[in-house]
Amino acid sequence: MSDATKTSPSLVIERMLTLELVRVTERAAVAAARLRGQGNEKAADQAAVDAMRRELNSLPIDGTVVIGEGERDEAPMLFIGERLGNGSGPKVDIAVDPLEGTTLCAKDMPGSIAVMAMAEGGTLLAAPDVYMHKIAVGPGYPAGIVHLDATPEENIQAVAKAKGVPTSEITALVLDRPRHTDLIAAIRRTGAGIRLISDGDVAGVIFTSMPEETGVDIYLGIGAAPEGVLAAGALRCIGGQMQGRLILDTQEKRDRAAKMGVTDPDRIYSVDDLCRGDVVVAATGVTDGALLKGVRFGRDVIHTETIVYRSYTGTVRRIQAEHRNLGKFKLG
């Protein structure tokens, strides 16, 4: 490895773009897909975690998990603070969700993915594993068109006005949770449509960046903070606006956040606050969904579909792969 590669995280990330990172999410997706429809969420998640950890540890990086599945060193998790890679390369931040939509995978329902992001060291928000208020829209809108402190009605009306359409032609995507009862009622008062999803809010935020394909104009609601950082990484690559505010509603959560460098518990984070510098986001489908096709097992070949985003170049790549050396997947 040259000296330039050793000292420039961007160069290493670029080399990994279509090979290394894709292989990481492919292996995690295949491992989880072997357990599709079997009703065992923990086993599917464990399989994805093990495969992703194994692949990441083979990479020439000095990586630290800043967004993971937990904050302590527990065996099933890729935990926050875990060191990954063989240590021979640059320092990078890693955000992972080895199996977004564990319930979707366990029930073989649409939309489960294996997703991760890698960025230059110190550029991803080190968020505690708590909930986050989120709002997101795709590219092409004036800066600040939506805001977390605005009402749902105001945000829907602002998007409709910018698009030049009535609110009845706007579709909002919301996680189907009891906590969103009032939010859903407020959106419906505007006449806008609502698409409810049971899981998968990384993909849900990404949907706002391609409204012609997904029909989704705006994402609203409360979801997990780790998924918020991953989604922000994708939006930063392809355009769009997002705001997030951590929900630190107990002293224990505020203390945890403070240990991770969060000094203002009420701060509203923009896309650039959540994810700075050069970032690559890769996601591979586990089950079929609007974003990606799921893993397909043939007699002699495994088919995967992966989407890769990179902020530095603004590129989006879709990679449909055929894996014939099936021995590589025996361990997940």
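Student: Where does the charged end of Arg 179 sit?

Tutor: A charge counts as sitting over a ring if NZ of Lys or CZ of Arg is within 6 Å of the ring centre and within 35 degrees of the ring normal. In this predicted model, in which local features need pLDDT of at least 70, side-chain atom pairs count only at pLDDT 80 or more, and totals for chains, interfaces and linings use all residues, the charged end of Arg 179 sits over the ring of Tyr 131, 4.7 Å from its centre. Residues are numbered from 1 along each chain as its sequence is written, and side-chain values use heavy atoms, with hydrogens and water left out.

Student: In strand 8, what is the bridge partner of Tyr 131?

Tutor: Strands, like helices, are DSSP runs numbered from the N terminus (E, at least two residues, for strands; H or I, at least four, for helices), and two strands pair if DSSP finds at least two bridges between them. The partner of Tyr 131 in strand 8 is Ala 224, while Ala 136 is bridged to Tyr 219 of that strand. Strand 5 (residues 131–137) and strand 8 (residues 218–224) pair in the antiparallel sense over seven bridges; strand 5 also pairs with strand 9 (residues 241–246), again antiparallel, over six bridges, and there Ile 135 has Gln 243 as its bridge partner.

Student: Why is strand 5 described as largely enclosed?

Tutor: Burial is judged by relative accessible area (buried under 20%, exposed over 50%, partly exposed in between, with a 1.4 Å probe and protein chains only). Five of the seven residues of strand 5 are buried, so strand 5 is largely enclosed by the rest of the structure.

Student: What is the strand order of the open sheet of six strands?

Tutor: The order is 7-6-8-5-9-10, with mixed pairing, and the edge strands, each pairing on one side only, are strand 7 (193–197) and strand 10 (269–270). Helix 6 (residues 152–163) packs on this sheet, touching strand 5, strand 6 (171–175) and strand 8, where contact means heavy atoms within 4.5 Å. Its direction makes about 140° with that of strand 8; axes here are lines fitted to C-alpha atoms, for helices over the stretch in contact, and angles run from 0 to 180 degrees between N-to-C directions. Helix 7 (residues 181–189) lies across strand 6, strand 7 and strand 8, running at about 155° to strand 7.

Student: Is helix 3 mostly covered or uncovered?

Tutor: Helix 3 is mostly covered, as 13 of its 14 residues are buried.
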